[in-house]
Amino acid sequence: MKKIRIGVMGVYRGTSMINYCKAAQNAEVVAVCDKWEEALERHKEINKEFQIAYYSRFEDFIQHDMDAVVLANYANEHAPFAIAAMKAGKHVFSEVLPVQTMKEAVELIETVEETGMTYAYGENYCYMPAPYEMRKLYRAGKIGEFEYGECEYIHNTEPMAPSTTYGDKNHWRNNMYSTFYCTHSVGPLIHITGLRPVSVVGFEGTMNERNLRTGCKAGQFGIEMITLENGGIIKSVHGKLYKDSIWYSVYGGKGRMETAREDARADDFHRLYVNADAYSGEYKNNEPENYLPKRELDHLSTPFGHGGSDFYSMYHFVEKLRGNRDADTIDVYEALDMFLPGMFAYRSILQGGNKVSIPDIRKKEVRDLYREDTSCTDRKVAGDMLLPTFSKGTPEIDDSVYTYMRQRWQEDMRSESGYAAMAFSQGGR
């Protein structure tokens, strides 16, 4: 079958995509778009052996002859470009996050339904070895019906703040709320169980000096207590606590599964522990299974980030477009099942911690209630529905903080190693 022709929005992700195409050989990068022309020029020089067209304007890029678009732009700006790409007849692989507002959520779903184009959400943590194995085992009935789960995505970004926000006071990372960036934690548990979230209670970490000295105006971390459609409950924690942690745990009616803790030095979140009975009520004193899951294409995925999940998320998308019925992609409905708990957790926080229903926007009559809902912390999008970035009010941060961050970024950019570090940290993440 022919290779899928891919255009990439985000010059750094463009390099990663070229590496993917070389490894998997089922796709090719034919176009790259980025508003930063200096970065485009560097990309041209580094990848001059490839036949790639370069664009600084999305309007020109989207007219290029290609099958699909990978969106690796700012995390709060994916939906408008995804909608435009699908209306232009391109399939879409959208990295995190899917939308910023409920209005965008409605428009995104209806564009998918009206155009018939494939939309895949790039929540790569779902494709890491252990969480993906947990999905396979859960769907096979290994631990029974889901009852409770916990998930953590803790990432202290202070050391890399200059290369992720480059001193821009309006950068989305500086203006998001505490529960916004939730799908690295919630996403894998939704993908494992296939259950829809129906309600949430939100909690917000305090404002502290680490956020303020980097220019971030949100609470330090967010928590979502999510009730699923079967009555099961998820506790999700994510944000900028001091030491990093990625961890997933799932309890069912006859057992449990969890990934290793990073501090255990047991292959981190790649190793899986499973302790399950043959039937509910057996109560056998089992020795837990303990292993590193293996997959057929691991020999290709090993060089890629996040335990090879950057490879597998793209592989499944491309295979979906090539007609592979076994391709496992995250569609628009599941993407929103992963994101809406964070959005509505913040509404819960602003209401003093009340339990808030999560709308089932698979239903048109429910979508109709949110068509004009632009509530968010992005001033240029929210209009008169602007939300504070912190429940006690958006903090005022002196411009000198951003000036300092920008100076540090410019110093880093003078070296190739600094440029490479920025390339790694950007790409829509």
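Modeller: Take threonine 227 to begin with. Its bridge partner in β10 is isoleucine 233. The model is predicted, so this pairing is too.

Colleague: What makes β9 and β10 a pair?

Modeller: Two strands pair if there are at least two bridges between them. β9 and strand β10 (residues 233-239) have seven, in the antiparallel sense. So they count as paired. They form a hairpin, with four residues between them. Glycine 231 sits in that turn and has a positive phi of about 95 degrees.

Colleague: How do you know that β8 pairs with β9?

Modeller: By the same test. Seven bridges join strand β8 (residues 197-204) to strand β9 (residues 221-228). The threshold is at least two bridges, so the pair qualifies. The two strands run antiparallel. One of the bridges links valine 201 to methionine 225 in β9.

Colleague: What is the strand order in the open sheet?

Modeller: The order is β3-β2-β1-β4-β5-β6, six strands with parallel pairing.

Colleague: Why are β3 and β6 called edge strands?

Modeller: β3 (53-55) and β6 (119-121) each have a single partner strand, so one side of each lacks a neighbour in the sheet. On average, neighbouring strands here are turned by 25 degrees against each other, direction ignored.

Colleague: What joins β6 to its partner, β5?

Modeller: Three bridges, in the parallel sense, between strand β5 (residues 91-94) and β6. At least two are needed, so this is a pair. Serine 94 has tyrosine 121 of β6 as its bridge partner. Helix α12 (residues 309-321) packs on this sheet. It touches β1 (4-9), β2 (27-33), β4 (68-71), β5 and β6. The direction of α12 makes about 170 degrees with that of β5.

Colleague: Which residues touch the most other members of the largest nonpolar core?

Modeller: Tyr20 and Tyr119, out of 116 residues in that core. Helix α13 (residues 332-350) gives the most to this core, with eleven residues. Beyond four places in sequence, tyrosine 119 has contacts that include Met86, Val92, Leu108 and Val332. Ser94 is also among them.

Colleague: Why is serine 245 called buried?

Modeller: Buried means under 20% relative accessible area. Serine 245 has 13%, so it counts as buried. It is found in strand β11 (residues 245-252).

Colleague: What makes the link from serine 245 to glutamate 152 a polar contact?

Modeller: The side chains of serine 245 and glutamate 152 are joined at 2.7 Å, so the contact falls within it. A second polar contact, of 3.4 Å, joins the side chains of serine 245 and arginine 261. Serine 245 also touches Tyr153, Ile154 and Glu262.

Colleague: Why is helix α9 described as largely enclosed?

Modeller: Eleven of the eleven residues of α9 (residues 183-193) are buried, so the rest of the structure largely encloses it. Among them are His184, Pro188 and Ile192. Glycine 194 follows α9, with a positive phi near 70 degrees.

Colleague: Where does pLDDT stay under 50?

Modeller: Over residues 421-429, for which the model has 32 contacts beyond four places in sequence. Where pLDDT is low, the predicted coordinates should not be read in detail. For the chain, the mean pLDDT is 94, and 96% of residues reach 70 or more.

How values were computed. Residues are numbered from 1 along each chain as its sequence is written. This is a predicted model: local features need pLDDT of at least 70, side-chain atom pairs count only at pLDDT 80 or more; totals for chains, interfaces and linings use all residues. Side-chain values use heavy atoms; hydrogens and water are left out. Axes are lines fitted to C-alpha atoms, for helices over the stretch in contact, and angles run from 0 to 180 degrees between N-to-C directions. Contact means heavy atoms within 4.5 Å. pLDDT is the predictor's confidence in each residue, from 0 to 100. Buried means under 20% relative accessible area, exposed over 50%, partly exposed in between (1.4 Å probe, protein chains only). A polar contact is a pair of N or O atoms within 3.5 Å; within protein, one must be able to donate a hydrogen and the other to accept it, and residues adjacent in sequence count only if both atoms are side-chain atoms. A nonpolar core is a set of buried Ala, Val, Leu, Ile, Met, Phe, Trp, Tyr and Cys residues joined through side-chain atoms within 4.5 Å.
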